[in-house]
Structure formats: structure tokens, C-alpha cells
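Please keep the sequence and the structure in view while reading.

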Amino acid sequence: MAVYNVHERLLNAQQSEVGALIDTLAGEGDALWPVHTWPRMAFDRSLAVGAVGGHGPIRYTVSGYAPSTWVRFAFSAPRGFDGFHEFTVHATGEHRTLLRHTLAMRTRGPARLTWPLLWRSLHDACLEDSMDRAATACGTPPLRPSTWNPYVRLLHAIARTASRKARPEEETA
């Protein structure tokens with residue numbers, strides 16, 4: 001099954017300001033990824049081509065990076081996710097910039113079922129949270145922040161519980 005999923009936000013900021021958000025991904029001061037509500041994006045080194053990591057059970061390698069402009073991640077897990085996701089910035093005026101996240105992949109095997117039943121809803125909620133975070137970082141918090149539907153809240157709660165059970169040493173720390 002072919003998947004093409006796009007999330008965009010028009011921001012009242014210069015391209016350089018929005019592009020700088022991309023450069024913070026997986027870093028100490030990550031201003032783009034919704035780190036407070038979703039698994040952190042992390043890599044084996046700083047953001048650069050060849051860095052390996054991901055967020056939660058989603059694994060990928062940085063396959064392309066133009067600082068402050070574009071970053072692409074090639075999937076390595078879950079099994080059956082063949083493709084990439086990326087963030088790009090596009091100036092639309094002197095003080096208006098479009099931030100776009102694109103996911104393009106083919107699913108195979110179990111992913112043909114898990115994408116539409118599980119991952120798509122979580123992905124969409126996470127990316128809308130990321131777009132809200134970008135707007136806030138650019139000084140214009142959304143008037144109506146994204147909200148999770150009941151299905152996303154349920155899936156998120158199940159995932160958090162499973163994650164805690166998988167790492168009991170963090171509970172006692």
C-alpha cells in the first residue's frame with residue numbers, strides 16, 4: 001500500500017527562523033519535536049547524514065540534511081515501512097514560511113494493517129503537536145492547539161504503559 005501523508009503549517013516567521021527549528025531536532029534544546037508528550041527523537045550522534053536513531057519503536061537513518069532547510073529520514077523499523085519522512089521549509093513571503101512534514105512510503109507485510117489501524121492516527125497527532133510547537137517557538141502559539149481524539153488517547157496510553165513495563169529500572173530511579 002502506498003502512503004503519502006503531509007502536515008503543513010504556515011508560520012509568521014522568516015525562513016531562517018523556521019529552518020533553525022529543524023536544526024534543533026534530537027538536540028538538547030529541541031524546539032520542534034513534541035518531546036513532552038511523545039517519545040524523544042534521538043540519534044547516535046548529532047543531526048547529520050548517517051546518524052542512526054528514531055523515536056519510540058520508529059527507527060530511521062538521516063539520509064539527507066541541508067541545515068536550516070531540509071532533513072530526510074529513511075525508515076528501518078517497524079518492518080514493512082519502506083520509505084522516508086522529512087521536514088522542509090518554504091518561504092512564502094518575507095515574514096511567512098511554510099513548514100512541511102512529508103511521509104512517503106510503501107507498506108508491506110504486517111505494516112499493511114498496522115499503518116492504518118495503529119500508526120497513522122498516532123503519526124497524525126504527533127505531527128500536529130509538532131506543528132503547534134513550531135508555531136509557539138516562532139512566537140505565534142496556535143489559537144486552537146491540536147487535540148487528540150479518543151482513539152489516539154487510548155493508543156498513547158497503551159504505548160506509555162507498555163514502554164514503562166519494558167523499562168522498569170526507570171520507574172525506581
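Two strands are said to pair if DSSP finds at least two bridges between them. Strands (E, at least two residues) and helices (H or I, at least four) are DSSP runs, numbered from the N terminus. The model is predicted: local features need pLDDT of at least 70, side-chain atom pairs count only at pLDDT 80 or more, and totals for chains, interfaces and linings use all residues. Residues are numbered from 1 along each chain as its sequence is written, and side-chain values use heavy atoms, with hydrogens and water left out.

- An open sheet with antiparallel pairing is built from seven strands, in the order 1-7-6-5-4-3-2.
- Its edges are strand 1 (2-11) and strand 2 (41-43), each of which pairs on one side only.
- From one strand to the next, the twist averages 25° (axes are lines fitted to C-alpha atoms, for helices over the stretch in contact, and angles run from 0 to 180 degrees between N-to-C directions).

**Strand pairs**
- Strand 1 runs antiparallel to strand 7 (residues 96-107), with 10 bridges between them; Arg9 stands opposite Leu99 of strand 7.
- Strand 2 and strand 3 (residues 52-55) are antiparallel and joined by three bridges, and Ala42 has Gly54 in strand 3 as its bridge partner.
- Strand 3 and strand 4 form a hairpin with two residues between them, and Gly56 in the turn has a positive phi of about 55°.

**The helices**
- Helix 1 (residues 15-23) packs on the sheet and touches strands including strand 4 (58-66) and strand 6 (81-93), where contact means heavy atoms within 4.5 Å.
- Helix 2 (residues 111-137) lies across strand 1, strand 4, strand 6 and strand 7, at about 10° to strand 1.
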